[in-house]
Amino acid sequence: MLNNSLHLKRYVETHPDNKMAWYLLGKDYETNGEQGKANYCFNRAEEVYEAFELSKVPSDIWKNYEFRLLQIEREKDKRGKRIRRVLLTAVLMLLIMLPSVNAPGGPGASLAKVKVDNPDEIHLAIADAKVQKDRKGPLFTATAIRGKSWSSVLPQLLTEPDRLPPWTVALGMERSGNWEIWSENMPILYGIYRDTSGVIGIQPYEGSRADCDCTPADGTELKGLAERWADVQVHNAVLTEAIQRYRERNGKLPGSLDELMRPFPNNWLSGKSPAMKILFPILTGNGAADKDGIHKKKETVGQQMPEGLGSSPDGQAFFTKRLEVIIDRKNHRLGVISGSVLLRNYEVGLGRDNKTPLGNFNISDKVVNPNGSANGIYGSRGMQLSDSNYAIHGTQDIGSIGGNESEGCIRMYGEDVEELFDLVPMGTKVRIEEGVLPNGLVIPDERFTLKLTKGQTNPQKVYHWLD
């Protein structure tokens, strides 16, 4: 049955609107004793659940349907494994035949010269297309580290070798269960390049853990660029989420970055950064000029990054999935995710006797100094969950974090909740579940911060969250 759950989970991930599939996955979880997950699936199944559970539709109907779904997903899984075996074989052949990146004509020597002297101007300098044209710097991406195998991800870059950029550097994300862990100092795994004659070269770096008859290169010269790339990707993800949530509420894109950070209750973002100033016009986009020479804004949210900051030959941003917050009631963790990537994982305090409810919410209010003081019961930041009395907030009772002592709210350490406040825009989806996040904390040495704008307190209201 556990194998069935795995295949059904994969199916609903690719067919999220199939309510029958959600119902079947819920039945499998229920059989395995995972009632919290089952209830979540049944909620997604909506009228299908009611039809089969309340109307007593014969079970052989849904069992036959389940058999067909599992058959489809297993066949897809077999095809995927066959393809991966073929690609891995091709990659291993490439590793034997291809020249090293340090061979004559390789880009390694020029990369050592890439440098930005003024950290305060880093976003502007990297985003300048003219600077990039002269520097010939690498295109970065990130991928999960799988044991000692660094070559397993190369097929992603080699499926269309004619579109391969001249120089790509892959950073490694550690794995924890089903999650890939984002970090500001991810190890450099390997470099792959294509020269003007079409020759492709591969160079493992010290972070690759490569089992090959080769000498890994020193990635010290690339480390600063890699860290700045990772930083800009997070700023892009936060800004993209804010723009999308604004559009969902207002039916249009914001006309300027400042529209996203107006005083409460229109503080979609808590502030801005130099990177966001560059990214905003790229994400909102401009259409072609009409006959009067007037540019009309496209009603789409783009993902095109400034030259040199993308993750693909088309310049696409790394994070393409929406930001979400997940609260793990079993493990006392709060995570910020984008798809399968875990950007943050904090320790939190929750409600006694399961008073913190399972379910789906969104951040409806973002308030600085709830009830007027950073030293109050809710600390310096508060984020209300939908139209409820539950909230994510700071606390003066830091000894309660990691336990179940609140009346239902999610308590956080002051520094953690202040970073979260900057990371997640208003409207961000929040899911409270059981046993979905790893125990290991994911907190950077240098916190994500935005330059706060004024007016994010709410003196007109005294909050009565459940603490």
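Biologist: What follows α2, and what makes α2 a helix here?

Modeller: Just after α2, G33 takes a positive phi of about 80 degrees. Helix α2 covers residues 19-31 and has 13 residues; a helix is a DSSP run of H or I with at least four residues, and a strand is a run of E with at least two, numbered from the N terminus. Therefore α2 qualifies as a helix. The protein has twelve helices and 17 strands.

Biologist: How are the residues numbered, and what kind of model is this?

Modeller: Numbering starts from 1 along each chain as its sequence is written. The model is predicted: local features need pLDDT of at least 70, side-chain atom pairs count only at pLDDT 80 or more, totals for chains, interfaces and linings use all residues, and side-chain values use heavy atoms, without hydrogens and water.

Biologist: Why is α2 called mostly covered?

Modeller: Buried means under 20% relative accessible area, exposed over 50%, and partly exposed in between (1.4 Å probe, protein chains only). Ten of the 13 residues of α2 are buried, including W22, L24 and Y29.

Biologist: What is the confidence over residues 286-296?

Modeller: pLDDT is the predictor's confidence in each residue, from 0 to 100. Over residues 286-296 it stays under 50. Where pLDDT is low, the predicted coordinates should not be read in detail.

Note on methods. The expected span of a helix is 1.5 Å times one less than its number of residues. Contact means heavy atoms within 4.5 Å.
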